[in-house]
Amino acid sequence: MAKKNKSPRLSGAPTGLASLLASLVCVLAGLAFGFVVLLILGGITMSQSGEEFTFGHLLATTWEQGFKPIVQGGFYSKANMMGMAVRMEILQAAPLIMTGLSVAFAYKTGLFNIGAAGQYTVGAFLALYCAIVLKMPWWVCLIASGLGGAVWGAIPGIFKAYLNVNEVITAIMFNWIGLYAVNPLIYQGGNGPMFNLKTTKTFTLKESAPQALLPTFNVNVGGKGYFGKLFMPTIGIFIAIGIAVLIWVVINKTTFGYQLKACGFNKNAARYAGINEKTNIVLSMTIAGALAGIGAGLFYLSGSKEWEPLVSTILPAVGFNGISVALLASSNPIGCVFSAIFISHITVGGGFMTAKLFPSEVSDIISGVVIYLCAFSMLFRGKILKLFNRKSGTQRKGDKA
Amino acid sequence: MADYVIEMLNITKEFPGIKANDDVTLQLRRGEIHALLGENGAGKSTLMSVLFGLYQPESGIIKKDGQVVKINNPNDATALHIGMVHQHFKLVECFTVLDNIILGAEPTKGLTVDRKAARKRVVALSERYGLKVDPDAKIEDISVGMQQRVEILKMLYRDNEILIFDEPTAVLTPQEIDELMEIMRSFKKEGKSILFITHKLAEIKAVADRCSVLRKGKYMGTVEVADTSVEEMSRLMVGRDVQLVSHKEEQTPGKVILRVENMTVPSRVHSNNAVKNASLEVREGEIVCLAGIEGNGQTEFVYALTGLEKMSAGKIYLDGKDVTHASIRERNSLGLSHIPEDRHKHGLVLDYTLQNNMVLQRFREPEFQRLGFIREGAVREYSDRLSQQYDVRSGQGSATITRSMSGGNQQKAIVAREIDQNPQLLIAVQPTRGLDVGAIEYIHKQIIAQRDAGKAVLLVSLELDEVMNLSDRILVMYEGEIVGEFNPKTTDVQTLGLYMAGAKRAE
């Protein structure tokens, strides 16, 4: 809205920029905090090992073996492995963008979709079922995953709209219902049509359903592919980015988005204006669910991981990380793309740290701190805006002189 | 030299896009009642927030008893014995009166609150000033007038010498207003100094000694109330002559537009019905006013009429069509416009821009959307046109977030939006609540213009002046029933008051 402001007064114009800068401040502060944590952890481990070390040594070790991998992410790894690591980053970013969008979209209507994990689970099941059992092409599987998520999102929406049951409670319960429905359906006492007894996972798509694998792409660097033949990333990331743009358009440019936001900001005024807030709640949750479901489709149809019904007794973390993504992006769909890539980046980087010194979970601490700081991003935004105003204030005075 | 207890000299406070206070000076004498008069958005609240330490001015100084003081936060203000009754009370609903009064200044005995001592003091204070309250009643159970007394007692309990009242009469009944005026006079006798923010000129005439006027952030001067007429004060405030009584032509009402038959609406608060068997008609070219004391079913009546609430019995006909079960949107498209009682709850999406609010019902029309995409340009143009036509002022034009606009301009935006839909029936509920004379005059003119254009207008108002001034017919509602019908030309405020209070009813 602000960028269309053509009036000479400046207070509206930089708010978008200020939000972006505020998010960047959060990221930098989070990284700084992470560095301190690494220093402490490294110091503890090194002093326990009994060897003599100076602070300078500790600083250098932490920088080289801890902080650098995190900041460089997939690009830290050795040249021959880099393609694979970067592919991992891209691969993990796609579903993260989708669950982030899921949370952000529902939030625009004033709803908190904590059920992305369950919607993701159901989406994964339908994608794999269509792929392995029904032998459908990838795009049908992807649509199926979206439909699965949509149904799982719609249910809390219906409960909220027509029975006034808080969507958070229903969504949490449906997370578990989804998980404990999907696992036995795949396992079926070992006889499930998708279950491979040898690996105790679902069949790999490469062997059983190559038609359902997402197409891959390569980047040409110096006359040859950047990614090795076996490690080409899927087009999932582009689908996710495309959907993010689509969601941005829906929210900001359409009458549908207008209604959703009106309900989110002020339910009573929306009702007064003849907007059916119940329909909007259900629709919003349905779409949010579909987004999370597609996220699962993008991940499992890439063929790099299989569902493990016997091990998967915890909800997929990507569902909850979607909340972090949306928070970091302050619910801006385009912002979700960047924040998802960031979180994926430092997570992959965390894996490259010298394991005997630094646990890879430090990347979780960093993203945690970043998210926590996001709560203050409004504060940062205010400060940055003030800075802007002061600057342009002196400019204005200068103009007069 | 006069004995000033508080002086605010050359205060300037800027917000992005607006100078809220521009070189404002306010001098409060010891023991006087000093009115601060100004339109909405004139900068009264900003000035008081500066005095209370909520804002820091860009320039200017504050003196207390001739000494320059720095007020950084409300605690500093309290230490200087400055107290304030805010327009929206700051009370803990589920606490007792006594607990609310001592909250933050509790007398202690060891580790416990010494309620006995506190009660003694509160009772003594309330007797001394005639502020009757029950110390053990809970805030949620007492009337708004009582709540205000609690706020006043809070100031007295803290030995405040300078008492600020921010639009204290907006929420009170006529009797309660009289009592408040009496209380203010007794404070003055005690030597306390009072700053009284208002835009009701009659009240200034009744109690104030002097009056400072602000207009658009600028200080217009201070006058002796006794030597200044109401007209002069309003001219100072608005900058032009204001018609305090609206002028309207005779009109012969046409066909019936709205017919309500035996409407009954259940109450959300109690088991009784909020509206009982109410029937009325509104015809083309007439303003029918539903008068009554707050909480006698008018709100629920309008909710049912507009579709916000379900009714349990009765029928509604709009231009002959039965709309009893129609949705809000259907009623809208049949020509019903509604200026809601609560502009923040129903009237506006405060976090939307002004232009988005201007098309709150109309965004689906082909003029404003194509294939489901909002036509931003058209919305902007429409909003610009309405803002200009209806004099809606805002910092950044149509792109202003509505929350940052002043109450008067928010209300004007709603009025503009509702009238521009060219309704057959305009329902205006408390359309001028909390507005200044300039805005009131403007909105009254718009309502009369609708009537003169042959529209049916149903006005719901608690302000008897407004009722007498605008309406062609008056219906009085008491405890959910319509208890009398009057012609404003042949009745008077006293008679209406009797019906409103339930002392009399038509058979």
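Start in chain B: select strand β1 (residues 4-15) and strand β2 (residues 18-29), which pair in the antiparallel sense over eight bridges. Strands here are DSSP runs of E of at least two residues, helices are runs of H or I of at least four, and both are numbered from the N terminus; two strands pair if DSSP finds at least two bridges between them.

Before you click on, note that this is a predicted model, where local features need pLDDT of at least 70 and side-chain atom pairs count only at pLDDT 80 or more, while totals for chains, interfaces and linings use all residues. Residues are numbered from 1 along each chain as its sequence is written, with chains lettered from A and ligands numbered from 1 in the order in which they are written.

Now show B:I6 and look across to β2(B), where its bridge partner is B:L28. Pick B:L9 here, and you'll find B:I61 of β4(B) opposite.

Next, hop over to chain A. Colour domain 1 (14-75 + 362-401) and domain 2 (78-351) separately; the bounds come from an automatic or database domain assignment. Their centres, taken over C-alpha atoms, are 29 Å apart.

Zoom in on where they meet: 18 residues of domain 1 of chain A are in contact with 17 of domain 2 of chain A, contact being C-beta atoms, placed from the backbone, within 7 Å. On the domain 1 side, select α1 (15-48), α2 (55-72) and α14 (362-374) of chain A, the elements that each give two or more residues. The largest share of that side, seven residues, comes from α14(A).

Key. Contact = placed C-beta atoms within 7 Å.
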